[in-house]
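Here are my notes for your first look at this model. Keep the view open as you read, and check each point against it.

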Amino acid sequence: MSQRTLTQFLIEQQRKEAALPAQLRLLVEIVARACKTISHCVNKGALGGMLGNLTSENVQGEVQKKLDVIANEKLLEANEWGGHLAAMASEEMETIHLIPNRYPKGEYLLLFDPIDGSSNIDVDLSVGTIFSVLMAPEDVSGRAVTEDDFLQPGRKQVAAGYAIYGPQTLLILSVGTGVYEFALDREMGSWVLTNERMRIPSGNREFAINMSNMRHWAPPVRRYIEECLAGTTGPRGANFNMRWTASMVADIHRILKRGGIFMYPWDAREPDRAGKLRLMYEANPMGFLIEQAGGMAYDGNHRILEIEPKGLHQRVGVVMGDRDEVKRVVDYHHEAGLTKQAI
Ligand code: AHG
Ligand code: MN
Ligand code: MN
């Protein structure tokens, strides 16, 4: 059987009834190409001078890694000239990036987390790139794009995905017709389809949460995890396993492949902050993929994709993965009546 590449897959999607627009196809191909370049940089590591911190901080107040900035540049450079975008936004940039006047403008908005799981770069664990695509509002042609144009709920995404730079480099993509996985074939330089219409396997008793924050969690999250930890002697009557990679891409990828639940909930360390993860660059694109694979994505109380964003760098609590497990956590929140706490 001949291998199907990303290009073939996108052309097939374009020919379907609910045809994938040509500009969106170009956009996905360009993002995938940029991810190929980033993968090369990640692989070079110390040999390419890619490791270590810079002295700068990003808008989130986090120290930037060299690779955060390099990957950000690669994505900007790759996407500026194609004519498919109206503007871009990145976790690593305070304000939006407009398409320079010398290039034509398109109708899409691209948002990205250039390197997710940055703390893993220097210790050679998996990191990734997350991206999200929205349509620019219709009235945008003829005026400058503003930050407000990006503030659309995640259900309006027309595509989302991530690249994972692990033992293999993979691209996980949804254009709203299920979730597809492509592996980078380095000899051929192409993305080859390795998994289609991915579904989150149900019933895997495995949770991903940073346990060191346990004392700061809200009671419903504590209750859920305590019941998991009680194993066969507790109300769940079964033992649970724990995994935490500190790279959302790696943890979500595992959940897509073998099930379980991922949580980075609101906690009391910074009570006014809704969570650690970012709505526009992390929670929305991952929520889109998780839902497309049959799972659920909530902030504890609300469906993530319904949240009306108020700021580009807004944070949010995250509970996503296996439907049954996420539903249980949401029920615990509703039972506790903590509807305001997680937003
Ligand atoms: P980033 O590297 O883009 O800042 O994201 C890191 C995120 C996410 O990938 C991961 O799940 C989480 O932060 C890890 O946080 P802790 O170190 O607090 O566990
Ligand atoms: Mn991230
Ligand atoms: Mn990042």
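1. Start with a term. The domain bounds used here come from an automatic or database domain assignment. On that basis, domain 1 spans 6-195 and domain 2 spans 206-342. Each of them gives at least three residues to the shell around ligand 1. Remember that this is a predicted model.

2. Now find the site. Ligand 1 takes up the space of the largest pocket. Around ligand 1 there are 18 residues. Those that come nearest are Asp-116, Ser-118, Asn-210, Met-248 and Tyr-264.

3. Which strands each supply at least two residues of the shell? They are β5 (108-116), β13 (261-264) and β14 (277-278). The largest share comes from β5, with three residues.

4. The shell has seven nonpolar residues and seven charged ones.

5. Next, trace the polar contacts. An N or O atom in the Asp-116 side chain is 2.7 Å from an oxygen atom of ligand 1. For the Lys-276 side chain, the distance from such an atom to a ligand oxygen is 2.9 Å. Ile-115 uses its backbone: a polar atom there is 3.3 Å from an oxygen of ligand 1.

6. Finally, consider cover. Ligand 1 taken alone exposes 480 Å². The protein buries 87% of that area.

Notes
Residues numbered from 1 in each chain as written. Chains lettered and ligands numbered in written order. Predicted model: local features only at pLDDT ≥ 70, side-chain atom pairs only at ≥ 80, totals over all residues. Heavy atoms only, no water. Near = heavy atom within 4 Å. Polar contact = N/O pair within 3.5 Å; in protein donor to acceptor, adjacent residues only side chain to side chain. Areas by Shrake-Rupley, 256 points an atom, 1.4 Å probe, with all protein chains shown as cover. 1 Å grid on protein atoms, 1.4 Å probe; cavity = no way out; pocket = protein on both sides within 12 Å on 5 of 7 lines; lining within 4 Å. Sits in = over half its atoms within 2 Å of the grid points. Helix = DSSP H or I, 4+ residues; strand = E, 2+ residues; numbered from the N terminus. Nonpolar A, V, L, I, M, F, W, Y, C, P; charged D, E, K, R; others polar.
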